[in-house]
Amino acid sequence: MGDDMDIGGASSSAVEDFLKETSLYLAPDPEIMENHGLEPRTAYEDQCIAKANDPVRLEIVRERILAGVNESFEMLENMGAAPGAKWGDCVSAVYTASGDLSLASSGGVVIFCNLVQYPIKFINKYWAGDATVGIKEGDVFIVNDARYGQAHNTDQSMMMPVFHDGRIVAWAGATVHEGENGAIEPGGMPSLAEQIWDEGLKMSPFKVAENYKLRRDLVTFLQNSVREPKLQYADMKVKMYVCRRIETRIHEAIAEYGVEAVVAALRMNLEDTDAEVRRRLSEWPDGTTRHAWWTDGTLRENVQIKINLALTKKGDELTFDYRGSSPEFTNRSNNSLDITVKGMLAQLFLTFIWPDIPRNQGVLAPMKFVFDNPSVLKPAFGTPNAQSMMTVFTAWSAGQVCAMKFLYSNPKKYTRVLAPWFNMINTFLFGGLTQHGEMVGNVCADINGMGGGALADRDGEHGCAPIFATMSDIGEQEFIEEEMPFIQIVSKKMMRDNQGFGRQRGGMGYQMVLAMRDSPAFGFMLTAMGAKFPNIPGLFGGYGCPTYPLSRVSGVDVFDILVKDPGSFRYSIEELMNERPFKGAKYTTHPMTLGYTLAKRGELYMISQGTGGGFGDPLDRKPEDVIRDLDEDLISHDVAWRIYRVVYDRDTLHVDTEATEEAREAMRRERIAKSKPFDAFCEGWVKDKPSGKVPYYGSWDDRSMVHAGSPDALHPAGQVNPPVIMPHPLQVKIDRLEAELAAARKKA
Amino acid sequence: MKVFITSMLTIDLDSERWECASCGHDIGSARDNYKKGLLVREREPSEIHAPILDAKEYEFTFAPDPDWCRILEYCCPNCGHLAEVEYLPPGHPPAHDIELDIDALKAQWAKREPLEKPALGPDFVAPPHSH
Ligand SMILES: [Zn+2]
């Protein structure tokens, strides 16, 4: 006993075993969750690499396994029942025996599988040696609790060990953005969540299948906990068979090339990626780029939330330092876990900067991350994170801007420098009873229609792809309408003047004008930032996106109108809201943060997808490009003149080149005349704290001190005391109305 | 030798100076914040992102809220080209957004060929047509 109590030396494992066996609760393990790097090589991997190390042969094996993974991804997309699966918000992948992500499918969402490394490592560490659990061939595990390793709780991952001769040689994994998960609101991303217990299912990694068969008792329990029981069961089967297909393909590769080659290929893929990323980072200049951005709400109230990034590159390493960002919101869902930030940034490099690099977690091995703890990007264990996208997407865009400022000067590039991609989920979530009597809760595929950023020599792509999945789909509207009780009366039509202006302009976002029909109970919700402060900037003199409201027309049934007086309908948000064609209807605008709201037949809900950022000075845009946008009704005459200063004949659109150059030169002179030197400007501009007109969260000029809602609530970062607890918005409203009432009574 | 740091800013490694990529105007020491050599103007956000919905009727119009957001435009004092646009809450200190290790940059470029113009990166090649 005496020896066992000695923590040093060999006996420490006995203490660890004792603690492991007597733990009352196996929470996420910081040792696993804090490490985004590669696991050390195992002795078995060393043996395999000693036997199989011909890079050409390993590449053949790698491609062979990747083909199997891509095949499994096709299965996932085609068989998956969740809308997210149908439109590419899913992924499948192979992991090493230790749990490192080695090969992700070529399509799909890399962040999802990047984060599955954590639950696999948890299973390896805690369940493998546990007599009540264990890991056997044919077992399948499931997880959805983001704190054990998922992008958010609306995703569900299944993981299957791949055995050879009684030894785990790899893991197969499949992840789908399932949507519904039994949270306080339908659809899996509850903005109303004030506690983690409002977020629905909390699946820590557990075994849900044995001998390749789902345990029906456990499946029933999960079905019993969500609004879409059929979906829950269907997609568990799909994910299990996707894992099984990967297992089959790995077994075939082992049969053909030997187990050593397969194990070595998976391991070397990681180490080679790490080495190549270090080589590429060495090509960047050394230094620091900085970018701060602000989101404008928690989804419950409009407040200004800072995301602060200093990106330092030195030698072959890169450090993301997010200190000075907002404190955490302890009873709001807009906090993001740090693993989610890291996983998203892996996606930045693997799809936007080095798309030719193998899709695995080796890309993050040369990178470090620094956060205030706790903060909005590294919340405490009990803090909700169901709407992590509200802050992680901004953190991602800050990373994109900072990386581009290192990248532009590089003589050797692997893809082109890009202005910021649009980054917010300007899409409807929906829930309720369909025309077929099914209960549903999910998200429209328009989430995938974000506008692309402009390039140095090319405009951005319209409604292109989300920042988290470059190969995804915005879905077939007619197909959706067969299943769901709402129509997009205006769909995929670009929103005029919704443009990131620049020498090259951002790819634009389209309008969505929705109305519900054919359901006794169906509603919509919206969970997007950016109605007060734009979501993204431009690059190198280009402008960012505008702000985006929700527009509503209520007290009307447009389906009746389309029958009785179809000529009165207008096919754009601009015309519907500014011309107000329906007598007696109510026209209102709101931030895009609609809590779940039951819809009435024929009332209009209208939003626009966002535009990517512009690149370079708009006065350098070729006049013919401006005219093309004008001709395509992407911009108005106002923008053609006010922003681009192009002189042309309004009837023929014929450009007066000379007058245009004169007008542009005059505008450049006007800029100079109306501007001040930087230091003189700053004397008048810079204030020592926020104005107080807007609740402000995060640092101002000194990143070690953060504001917690007001100019004078200033705390050391990570030590905000009392912590930020937001009042209930309805209570705020009641308090205000009661005060007004009291004042009115006093007067009377 | 000139290094193209952004599409509007170069650094001359021999003189260690920021320069305007458009007109060559000297902007300041490469070891300092380039913004110090530029001119700055504050814009109401609606001057750029004009309301698309009638601002007399609606609170949210597609134009950013000036209590939340202002736009700073940085231009070359000589040619007036925009070098950078910064979105900030009113009164927030501007970022020192590009701070490079000039000695490391010189060492890096000592081994490289000078560029005539910025390298754009690989061309987009459409996948082969097949169906
Ligand atoms: Zn100039």
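The donor residues of the zinc ion are spaced C-x2-C-x52-C-x2-C in sequence. They are B:C20, B:C23, B:C76 and B:C79, each coordinating through SG at 2.3 to 2.4 Å. Donors here are N, O and S atoms within 2.8 Å of the metal (3.2 Å for Na, K and Ca), and water is not among the atoms, so sites may look incomplete. The angles among the 4 donor atoms run from 105 to 112°, and the site is tetrahedral; four donors count as tetrahedral if all angles lie between 85 and 135 degrees. The ideal angle for four tetrahedral donors is 109.5 degrees. B:C20 is buried, with a relative accessible area of 4%, whereas B:C23 is partly exposed at 32%. Buried means under 20% relative accessible area, exposed over 50%, and partly exposed in between (1.4 Å probe, protein chains only).

This is a predicted model, in which local features need pLDDT of at least 70 and side-chain atom pairs count only at pLDDT 80 or more, while totals for chains, interfaces and linings use all residues; side-chain values use heavy atoms, with hydrogens and water left out. Residues are numbered from 1 along each chain as its sequence is written, and chains are lettered from A and ligands numbered from 1 in the order in which they are written.

A search of the whole structure finds 0 disulfides over all chains, a disulfide being a pair of cysteine sulfur atoms within 2.5 Å. The sulfur of A:C243 is too far for a bond because the closest cysteine sulfur, in A:C113, is 12 Å away. A:C243 is buried, at 0% relative accessible area. For A:C402 the closest cysteine sulfur is in A:C545, 17 Å away and likewise too far for a bond. A:C402 is also buried, at 1%.

The largest nonpolar core has 218 residues, and A:W354, A:F582 and A:L604 have the most contacts inside it. A second, separate core of 55 residues includes A:L66, A:V94, A:C243 and A:Y257. A nonpolar core is a set of buried Ala, Val, Leu, Ile, Met, Phe, Trp, Tyr and Cys residues joined through side-chain atoms within 4.5 Å. Beyond its neighbours within four places in sequence, A:W354 is in contact (heavy atoms within 4.5 Å) with residues including A:V277, A:L281, A:W284 and A:Y414.

The whole structure has 84 salt bridges over all chains. A salt bridge is a side-chain nitrogen of Lys or Arg within 4 Å of a carboxyl oxygen of Asp or Glu.

A:D459 lies in the loop between β13 (439-443) and α13 (477-483) of chain A, and A:R505 in the loop between β14 (486-494) and β15 (510-516), so the pair ties together parts that are 46 residues apart in sequence. Helices (H or I, at least four residues) and strands (E, at least two) are DSSP runs, numbered from the N terminus. A:D459 is buried at 14% relative accessible area, and A:R505 is buried at 4%.

A:R62 and A:E59 both lie in helix α5 (residues 55-79) of chain A, 3 residues apart, about one turn of the helix. A:R62 is buried at 14% relative accessibility, whereas A:E59 is partly exposed at 34%. In chain B, B:D12 is buried at 11% and B:K2 partly exposed at 36%.

Conventions
Tetrahedral: all angles 85-135°; square planar, octahedral: opposite > 155°, others 65-115°.
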